[in-house]
Amino acid sequence: MLPSTQAIEAFEAAARLLSFEAAALELNVTPSAISHRIARLEKLSGIRLFRRTVRRIILTPEGQRLRPEAENALAALGQFVTRTSHAPLRISATPMFGMSAVLPWLEEFHDRHPGIAIKLEMAITPETIGAYDAVIRHGKIARRDWISQPILSTRLIPVHSPDAGFGPDAGFGEDRPYPLIAYSYSRSTWRGVVPAGTPTDSDALVMPGMAEAIAAAKCGRGVALVAERFVRDELRSGALVRIAHWKAKRSTFYFCFCPHKAPREARLFGDWLRRRLAETSV
């Protein structure tokens, strides 16, 4: 007798997340349902898949061997459904993230998962979240029916053009504050970065997104707070320099998807992109 798709899906999620609670949240069921489905799979196969401790679960050697088989089975099923439905996975990302962290490797994903078509749309703010299967954003999506998973942790650093005269000896004071490039979607981005007592103008220039802020900084229009990962080339070439005595702050990008819309394809893409970003992190 073959196990149910629900049992395989529950096992795969629990094995990947090493948590019945996290697997339940991802699959939009209760932890009890995850436990029962895995118990049925263990009874059917006659093998123990997890060792349960007080605080966590651990895959047994048999469970470790089954995990890639379960992933492949679910991936094959997902690709079959995608091929027959001809509906692409619609993903929204900010222009900076899309151009720097998705487009360079998209063909690689297509080669690995030829049955999953991706429609990538780039915008600062998606018009309607519900129109997409997944979105990549700086911060979680505040919707109870969506799952937000961290996909990239990076540092935001203050940078400027070397020709703009924003260095520590540039003579800034009350009559000449540092021009800070702000973002239209958040005026609190600079909080905790600039040393206390430093004169600043947080309304000097307001940009819609990080790509535009980087371009403005390179033109000498002000100091931009941007993801270090996305300005590596500019820092190496000297097109941008960092204000070293100002603080950096941690920033997290999230892969957010609706578990009721193309759940298998969205998870495959999110997991692949997370691994790809980790491989290229500094």
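**Strand pairing, cores and salt bridges in the predicted model**

In strand β5, A134 is the bridge partner of I91. The model is predicted. Strand β3 spans residues 89-93 and is joined to β5 by three bridges. These two strands run parallel. On β5, a further pairing involves strand β11, residues 249-257. Here four bridges are found, and the strands run antiparallel. V135 has C256 of β11 as its bridge partner. Strand β5 itself covers residues 134-137. A134 and I136 point one way from the strand. V135 and R137 point the other way. All four residues, R137 included, are buried.

Helix α5 comprises residues 95-102 and is mostly covered. Six of its eight residues are buried. These are P95, M96, F97, G98, A101 and V102. M99 also belongs to α5. M99 counts as partly exposed because its relative accessibility is 44%, which lies between the limits of 20% for buried and 50% for exposed. With L103 and M122, M99 forms a nonpolar patch on the surface. Together the three residues have about 260 Å² of accessible area.

In soluble globular proteins, nonpolar side chains tend to be buried together. The largest nonpolar core in the model holds 55 residues. F97, M210, F230, F269 and L273 touch the most other members of this core. One of these, F97, is among the buried residues of α5. The contacts of M210 were examined with residues up to four places away in sequence not counted. On that basis, M210 touches M96, L156, Y183, V226, A227 and F230. M96 is itself a buried residue of α5. A second, separate core contains 20 residues. Its members include F11, A15, L27 and I34.

Most residues other than glycine have a negative phi. The phi of L18 is positive, near 50°. L18 sits in the loop between α1 (5-17) and α2 (20-27). Its side of the classification follows from accessibility: at 41%, L18 counts as partly exposed.

Side chains of opposite charge can pair when their charged atoms come close. The structure holds 16 salt bridges. R264 pairs with E9, and the closest N and O atoms are 4.0 Å apart. R264 counts as buried because its relative accessibility is 11%, under the 20% limit.

Other salt bridges lie within a single helix. R67 and E71 both belong to helix α4, residues 61-85. They are four residues apart, about one turn of the helix. Their closest N and O atoms are 3.0 Å apart. R67 is partly exposed, with a relative accessible area of 26%. E71 is also partly exposed, at 29%. In helix α8 (residues 232-237), R236 and D233 are three residues apart, so about one helical turn separates them. Their side chains meet in a salt bridge of 3.2 Å, N to O. Both R236 and D233 are exposed. Elsewhere, salt bridges that share partners join E9, E12, R16, R264, D271 and R274 into one network.

Definitions and conventions: Residues are numbered from 1 along each chain as its sequence is written. This is a predicted model: local features need pLDDT of at least 70, side-chain atom pairs count only at pLDDT 80 or more; totals for chains, interfaces and linings use all residues. Side-chain values use heavy atoms; hydrogens and water are left out. Buried means under 20% relative accessible area, exposed over 50%, partly exposed in between (1.4 Å probe, protein chains only). A nonpolar core is a set of buried Ala, Val, Leu, Ile, Met, Phe, Trp, Tyr and Cys residues joined through side-chain atoms within 4.5 Å. Contact means heavy atoms within 4.5 Å. Patches are made of residues with over 30% relative accessible area and no salt bridge: like charges are joined within 9 Å, nonpolar side chains (Val, Leu, Ile, Met, Phe, Trp, Tyr) within 5 Å. Accessible areas come from the Shrake-Rupley method with a 1.4 Å probe; for residues, only the protein chains shown count as cover. Two strands pair if DSSP finds at least two bridges between them.
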